[in-house]
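Subject: A structure for you to explore

Hi there,

Here is the structure I promised to pass on to you. Please open it beside this email, and then read on for what I found in it.

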Amino acid sequence: MASKSRAPFHSKIYFPALTVSAILVSASCFAQTTFLAVDRTPYDRQMTRVSVVLNASTTPRPSLVSLVALNQWMFRLREMPYRFSKKWKTPSEMKSDKRGDCKGKAVALYETLQESGACNVRLVIGRHRADDLKTHAWVEWETRQGIFLLDPTLNWTATLADLQDKSTYIPLYAYENGHKYRAFNPALTTPLDSSSQQVASRE
């Protein structure tokens with residue numbers, strides 16, 4: 001039986017290249033989203049109607065916010081019929097209409113958390129899935145247990161962001177206590193194009 005000859009492996013030549021490749025792969029796998037403070041976002045004009053909610057100050061009372069209460073708020077908003085609206089509905093409009101889209105539900109949950117004394121809560125505009133053409137709105141709450149992803153449009157309960165599929169819930173912009181942020185994740189190259197200026201939810 002004829003044996004196949006193999007070219008010798010020059011470890012001294014290839015090892016540095018392999019090391020660099022491994023580092024790059026590891027960096028992209030473990031890259032986390034960073035929120036960079038900005039003066040404005042493409043959504044500022046739309047957000048005028050809910051700016052009072054987004055700019056409200058919070059009196060920290062984290063002990064009053066339990067996961068049970070949070071899930072009850074999530075459940076009530078998720079149970080509310082979905083209806084798309086071009087404008088951002090205020091929480092009071094959501095209560096009177098008893099229906100709303102991802103924008104209205106996210107703002108309503110954001111206000112509830114703020115009024116309950118939760119700290120480090122942000123309203124996020126991004127993509128539910130990486131290949132979505134339209135954007136989606138949800139809330140994120142950073143706690144000692146981790147970052148909770150709160151989507152009362154599609155989910156019934158709070159979930160930890162670390163347990164989510166990394167190809168879902170990709171933030172683009174965020175609002176928190178009167179501050180504006182642009183999301184940056186070096187592992188992703190999803191630009192905010194003109195087609196995403198209108199926030200819409202995929203039901």
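Which residue in S7 does Tyr173 stand opposite? Tyr173 faces Arg182 there. Before going further, please keep in mind that this is a predicted model, in which local features need pLDDT of at least 70, side-chain atom pairs count only at pLDDT 80 or more, and totals for chains, interfaces and linings use all residues. Residues are numbered from 1 along each chain as its sequence is written, and side-chain values use heavy atoms, with hydrogens and water left out.

**The overall picture**

The protein chain has five helices and seven strands. Helices (H or I, at least four residues) and strands (E, at least two) are DSSP runs, numbered from the N terminus. Read from that end, the elements follow the order α-β-α-α-α-α-β-β-β-β-β-β. The chain has 203 residues, and 39% of them count as buried. Here, buried means under 20% relative accessible area, exposed means over 50%, and partly exposed is in between (1.4 Å probe, protein chains only).

The seven strands make an open sheet, ordered S1-S7-S6-S2-S3-S4-S5, with antiparallel pairing. Strand S1 (34-38) and strand S5 (159-160) are at the edges with a single partner strand each, so one side of each has no neighbour in the sheet. Two strands pair if DSSP finds at least two bridges between them.

You can walk across the sheet pair by pair:

- Strand S6 (residues 168-176) pairs with strand S7 (residues 179-184) over four bridges, in the antiparallel sense.
- S2 and S6 are antiparallel too, with six bridges between them; Arg129 stands opposite Thr168 in S6.
- S2 and S3 run antiparallel and are joined by six bridges. Arg122 has Glu140 in S3 as its bridge partner, and a hairpin links S2 to S3 through six residues.
- S3 and S4 also run antiparallel, joined by five bridges. Val139 stands opposite Leu150 in S4, and the hairpin formed by these two strands, S3 and S4, has two residues between them.
- S4 pairs with S5 over two bridges, again antiparallel; the partner of Leu149 in S5 is Thr159.

Some of these strands are well hidden. Eight of the nine residues of S2 are buried, and in S4 four of the five residues are buried.

**A closer look at Gly126**

Gly126 is found in strand S2. Is it buried or exposed? Gly126 counts as buried, because its relative accessibility is 0%. If we leave aside its neighbours within four places in sequence, Gly126 is in contact with Thr135, His136, Trp138, Ile170, Pro171 and Leu172. Contact means heavy atoms within 4.5 Å. Gly126 and Ala174 are 48 residues apart in sequence, and their C-alpha atoms are 8.6 Å apart in space.

H5 has 14 residues, and its first and last C-alpha atoms are 20 Å apart, close to the 20 Å expected at 1.5 Å a residue. The expected span of a helix is 1.5 Å times one less than its number of residues. Why can we call H5 largely enclosed by the rest of the structure? Twelve of its 14 residues are buried, so H5 is largely enclosed. Among the buried residues of H5 are Lys103, Lys105 and Glu111. Just after H5, Gly117 has a positive phi of about 95 degrees.

**The cysteines**

How many disulfides does a search of the whole structure find? The search finds zero disulfides, where a disulfide is a pair of cysteine sulfur atoms within 2.5 Å. Cys102 is buried, with a relative accessible area of 1%, whereas Cys119 is partly exposed at 28%.

Enjoy exploring, and write back with any questions!

Best wishes
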